[in-house]
Amino acid sequence: MPETSDALSGLTLKQASSGIRARKVSPVALTAACLDRIKTDNPKTNAWITVMREAALAQARELEKEQAAGRFRSPLHGIPIGLKDNIDTAGVRTTAGSKTLEGNVPTEDAEVARRLKAAGAILIGKCNMHIFAQGATSAVSYFGPVRNPWNVETIAGGSSGGSAAAVATDDCYAALGTDTGGSIRTPAAMCGVTGFKPTYGRVSIRGIVPLTWSLDHCGPIARTVEDAALVLQAIAGYDRLDLQSIDYPVPDYSSAIGAPVAQFRLGIPPQFYDWLDDEVGHALEDALALLKKMTQGAREIQLPSILGTGAGSEGAVYREALGSAFAGAAEPAAGGGGPNTGTRAVDYITQWRKLRLVRRNVNDDVFRKQEVDLLITPTIRRLPWTIEDELLRAANVRPRTPEPGNTRALDDYGLPTITVPCGFSKTGMPVGLQISGPNLGEVNVLALAHAYQEATDWHKRRPPLGPDTKVPALSKTAAGQTGEALNR
């Protein structure tokens with residue numbers, strides 16, 4: 001195994017796990033290597049809000065004792081992992097990127113944090129994010145914008161931008177994100193890593209600051225599909241205290257790694273390919289050509305309408321529970337302005353019923369009737385734009401042009417969806433490919449995504465972040481959209 005700090009942090013999760021099991025590397029060494037990277041990278045990316053240095057090292061020492069005794073809890077034993085800062089951690093603040101929750105210290109772990117600890121993962125810190133997960137850029141955070149490690153002038157994507165940037169820069173071997181409208185997949189695509197949103201209800205969301213319970217998912221961001229499968233194995237499963245959780249056996253997700261894919265029939269929903277940046281379109285053409293050779297081929301299919309399935313008023317319930325602490329906070333949503341205060345009860349119930357009906361029928365309407373196994377789409381239509389431009393849009397200084405999204409529909413359907421890197425622009429910015437399957441079809445999604453990564457090397461590239469990387473200052477107007485100005 002490598003001995004230098006950078007070489008250790010540069011291992012995949014699978015490689016680090018194998019080293020732990022073979023006693024060729026220790027949990028303490030892996031944790032120290034990641035902490036070194038965070039110290040170097042965070043001034044440039046701002047990916048972390050809270051680094052749990054002492055707690056992580058103490059956890060690593062205990063797990064190292066178990067390693068010496070030949071006790072290994074799971075493949076995550078001794079592996080440093082980050083958490084998006086809307087995931088509760090007992091005794092460690094959970095801010096959701098806001099001033100409102102700056103001093104919020106939960107007394108209990110979220111269920112996913114508890115499961116990671118039980119699996120032997122080391123929780124190394126809490127990752128920066130778009131404030132209250134209400135945006136797709138991570139430019140708007142009380143703690144300052146997350147910067148894309150491929151170009152620190154640009155957005156990292158959101159709302160799990162810190163989790164994706166941290167994984168891309170080798171600060172941790174994986175991180176958890178949440179996904180309501182694309183918040184795992186968008187930043188993973190923009191930062192050139194792998195992000196997986198499992199089936200709705202497959203992973204508990206109890207103990208996570210909610211945005212919209214009916215759409216909220218939690219899942220892994222990692223360097224490879226194989227690594228994402230290992231993390232998903234630890235966090236998936238029924239939680240009887242989570243009303244969204246589904247009681248269904250958890251398969252062996254690692255069985256997907258190396259599984260045959262030649263039998264798969266691919267579906268192409270054409271509406272996902274409109275309005276693509278030219279370089280995104282070229283990367284997708286190449287990816288599709290390869291996937292068609294690897295499988296039975298692809299053909300166009302139709303997806304059911306999601307018009308009228310919104311449930312945006314649900315977040316107002318959580319904010320109301322915060323009471324006076326939230327009153328007067330001018331914390332903007334994705335496009336600026338105040339938080340959603342809810343809709344009429346009759347409208348919400350109508351939307352909720354339609355959402356449930358779409359989810360109940362999506363397997364039949366899409367996969368069985370149209371005889372396809374997996375869907376292939378671009379993850380995002382555009383290359384990342386500058387933080388300055390995004391914040392000026394949030395300040396309404398520059399016009400905001402509505403852009404069709406490629407991620408939200410998969411949250412409405414509740415389908416398992418992964419993004420993997422499939423190319424780079426001429427300026428070196430990543431492009432993402434989405435693979436989606438039927439409900440509870442995670443194994444097939446993982447199988448094709450892994451096969452694609454085995455046939456390409458996009459996921460092996462690392463961002464050019466270095467000691468000479470300079471972080472540009474924001475204009476006064478743009479800077480006014482973050483920090484104290486969010487809470488005038």
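**Strand E11**

I began with the pairing of E11 and strand E13 (residues 430-436), which is antiparallel over four bridges. I took strands as DSSP runs of E of at least two residues, numbered from the N terminus, and counted two strands as paired if DSSP finds at least two bridges between them. Across this pairing, Ile376 stands opposite Ile435 in E13.

A note on what I was looking at: this is a predicted model, where local features need pLDDT of at least 70, side-chain atom pairs count only at pLDDT 80 or more, and totals for chains, interfaces and linings use all residues. Residues are numbered from 1 along each chain as its sequence is written, and side-chain values use heavy atoms, with hydrogens and water left out.

Next I looked up strand E9 (residues 266-268), which runs parallel to E11 and is joined to E11 by two bridges. Gly267 has Leu375 as its bridge partner in E11.

Then I asked myself: why is E11 largely enclosed by the rest of the structure? Because five of the five residues of E11 (residues 374-378) are buried, meaning under 20% relative accessible area with a 1.4 Å probe, protein chains only.

I also checked the side chains. In a regular strand they alternate between the two faces of the sheet. Here Leu374, Ile376 and Pro378 point one way from E11, while Leu375 and Thr377 point the other way.

Note on methods:
Buried means under 20% relative accessible area, exposed over 50%, partly exposed in between (1.4 Å probe, protein chains only).
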